[in-house]
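Let's take a friendly walk through a protein fold, from its sheet to its rings. Have a look at the picture first, and then read on.

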Amino acid sequence: MPETVLRHVFHVPAPPPVVLAHLSEPSSYVGLSPLVVAVRDVRREPGGTRFVSVERFRFFGFVKYDNLIEVTLRVSEEGVEGEVVSPGGVRLAYRFGLTADGTGTEVEDVLTVRATRGPVLRYAARKAREVQLARADVLARRAPTLT
């Protein structure tokens, strides 16, 4: 299956344990991705958490499509990682590596996007990159309320 790896490193003005706690909670992902409008069916299991994330897409400015994706989230001292299974043959592995950075946390956001077809991969990778860059801004804006 073809894949694209996207990497973005950014600073969040909050300590790593606070950022880790935020990224460990499924409800935090609403709005963390501009596409995610809801999280439901949260299942806490040994070794991780599973949930359904609702991504809302708009086409032509008025056609709304809610994409239900299965998310697995695992937490370690170094960060958060997991997988996403989306309809249409799109798979995504993600990792948020967290490192103390004097005045807060350096976040290394790595996404590996896979899809069965080239055009689908290109679309999914483009959307994933938009979300990845937006996530840095959202986390930085949320930082004062995380402590």
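Helices (H or I, at least four residues) and strands (E, at least two) are DSSP runs, numbered from the N terminus. This is a predicted model, in which local features need pLDDT of at least 70 and side-chain atom pairs count only at pLDDT 80 or more, while totals for chains, interfaces and linings use all residues. Residues are numbered from 1 along each chain as its sequence is written, and side-chain values use heavy atoms, with hydrogens and water left out.

**The sheet**

Start with the open sheet of seven strands, whose order is E1-E7-E6-E5-E4-E3-E2 with antiparallel pairing. Two strands pair if DSSP finds at least two bridges between them. E1 and strand E2 (36-45) stand at the edges with a single partner strand each, so one side of each has no neighbour in the sheet. Further in, E4 and E5 run antiparallel and are joined by seven bridges. Glu70, for example, has Val85 in E5 as its bridge partner.

**The helices**

Which strands does helix H1 lie across? They are E1, E4, E5, E6 and E7, and H1 runs at about 160° to E6. H2 lies across E1, E3, E6 and E7, at about 10° to E1. For these angles, axes are lines fitted to C-alpha atoms, for helices over the stretch in contact, and angles run from 0 to 180 degrees between N-to-C directions.

Buried means under 20% relative accessible area, exposed over 50%, and partly exposed in between (1.4 Å probe, protein chains only). Six of the eight residues of H1 (residues 16-23) are buried, so this helix is largely enclosed by the rest of the structure. Its buried residues include Val18 and Leu20, and what covers them includes strand E4 (63-76) and helix H2 (118-146).

**A residue in E3**

Thr49 lies in strand E3 (residues 48-59). Thr49 is buried, because its relative accessible area is 8%. Among the residues Thr49 touches, not counting those up to four places away in sequence, are Pro26, Val42 and Leu73.

**Aromatic rings**

Rings of Phe, Tyr and Trp (its six-membered ring) pair if their centres lie within 6.5 Å; planes under 30 degrees apart count as stacked, over 60 as edge-to-face and the rest as tilted.

| Pair | Type | Centre to centre | Between the planes |
|---|---|---|---|
| Phe57 and Phe59 | stacked | 6.2 Å | 15° |
| Tyr94 and Phe96 | tilted | 5.6 Å | 45° |

Phe57, at 10% relative accessibility, is buried, whereas Phe59, at 34%, is partly exposed. Together with Tyr123, Phe57 and Phe59 form one aromatic cluster.

Terms used. Contact = heavy atoms within 4.5 Å.
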